[in-house]
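Let me put it on the screen.

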Amino acid sequence: MQEKTIGGVDIHYLSLCKRKLWLYKHGISMENESDRVAEGKVLHEMAYPRVEKREILIDNAFKIDAIDGEYVREVKLSSRMKDSDKMQMLFYLYQLERKGVKKKGLISYTKEKRTLEMALGEKEKRQVKQAIAEAYEVTKQPKPPVVKKLPYCKKCAYYTFCYALEVDEDDA
Ligand code: SF4
């Protein structure tokens, strides 16, 4: 498989499920099957009507929702995947800092009407570097990681794909 750049979505998937990352990076796409993904796309299009810089593509590799003053901003439906959201935002802050742009991160959760603010310190930089290395490792494996039952599975776009092909030990 050709070398592929690791982006923010990859880091999000890594944190959620390594198998999901592998399937996504190997071009197995089920995203259209998920209404939730469609909802997210609409949400992104409607967000930030007063923020000038939005949907910014950096190095043709990753896209951030918006830069608003000292913040990079992302909008999400709910905080159900908070840890993954946080890693994705830290990844963006890290990539921007490497280009000399120092920002903080702000994630808005529309359902809960709350925001999560974060900054990139040394500890967070180490976490991001480790996540990038891990994402490369997962991606270059010849086979996807096995299905692991996760609370998130039923909401995942790959649910049918995973559970039609593999039977978890608990179900055997
Ligand atoms: S359905 Fe579950 S195991 Fe399969 S990719 Fe999604 S989160 Fe991972």
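This is a predicted model: local features need pLDDT of at least 70, side-chain atom pairs count only at pLDDT 80 or more; totals for chains, interfaces and linings use all residues.

Numbering runs from 1 along each chain as its sequence is written, and side-chain values use heavy atoms, with hydrogens and water left out.

So, cavities. Rolling a probe the size of a water molecule over the atoms shows where empty space is left. Grid points are joined across faces, edges and corners, and a volume is the space filled by probe spheres set on the points.

How many cavities of 30 Å³ or more does a search of the whole structure find? Two. The largest cavity comes out at about 110 Å³. It is lined by 14 residues, and the closest to its centre are Cys17, Arg19, Cys153, Cys156 and Cys162. When I say helix or strand, I mean DSSP runs numbered from the N terminus: H or I with at least four residues for helices, E with at least two for strands.

For residue classes, Ala, Val, Leu, Ile, Met, Phe, Trp, Tyr, Cys and Pro count as nonpolar, Asp, Glu, Lys and Arg as charged, and the others, Gly among them, as polar. On that scheme, the lining of the largest cavity splits into eleven nonpolar, no polar and three charged residues.

And what takes that space? The ligand does: its space is the largest cavity, where "sits in" requires more than half of a molecule's atoms to lie within 2 Å of the grid points. Around the ligand we find Cys17, Arg19, Lys20, Val147, Lys148, Tyr152, Cys153, Cys156, Tyr158, Tyr159 and Cys162; the cut-off there is a heavy atom within 4 Å. By class, that shell has eight nonpolar, no polar and three charged residues. Helices α2 (18-25) and α6 (159-165) each supply at least two of the shell residues.

Leu21 counts as buried because its relative accessibility is 0%. Setting aside neighbours within four places in sequence, Leu21 is in contact with Asp10, Tyr13, Leu14, Ala135, Val138 and Thr139, contact being heavy atoms within 4.5 Å. Leu21 and Pro144 are 123 residues apart in sequence, yet 8.8 Å apart in space, C-alpha to C-alpha.

Okay, over to the second largest pocket, which holds about 200 Å³ of space. Its lining includes Ser15, Leu16, Arg80, Ser84 and Tyr152. Helix α4 gives the largest share, three residues, and by class we get five nonpolar, three polar and three charged. Tyr152 is in the loop between α5 (122-140) and α6, and it is buried because its relative accessible area is 9%. Tyr152 and Arg80 are 72 residues apart in sequence and 9.1 Å apart in space, C-alpha to C-alpha.

Ser84 is in α4, and it counts as buried because its relative accessibility is 4%. Beyond four places in sequence, Ser84 touches His12, Ser15 and Leu16. Asp85 belongs to α4 as well, residues 82-98, and is buried at 3%. Asp85's contacts, again leaving out the sequence neighbours within four places, are His12, Lys76, Ser78, Ile107 and Tyr109.

Most residues other than glycine have a negative phi. Lys113 has a positive one, near 50 degrees. Lys113 lies in the loop between β4 (104-109) and β5 (114-118) and is exposed, at 75% relative accessibility.

Terms used: Buried means under 20% relative accessible area, exposed over 50%, partly exposed in between (1.4 Å probe, protein chains only). On a 1 Å grid over the protein atoms alone, a cavity is a set of points where a 1.4 Å probe fits but cannot get out, and a pocket is an open set with protein on both sides within 12 Å along at least five of seven lines; lining residues have an atom within 4 Å of a point.
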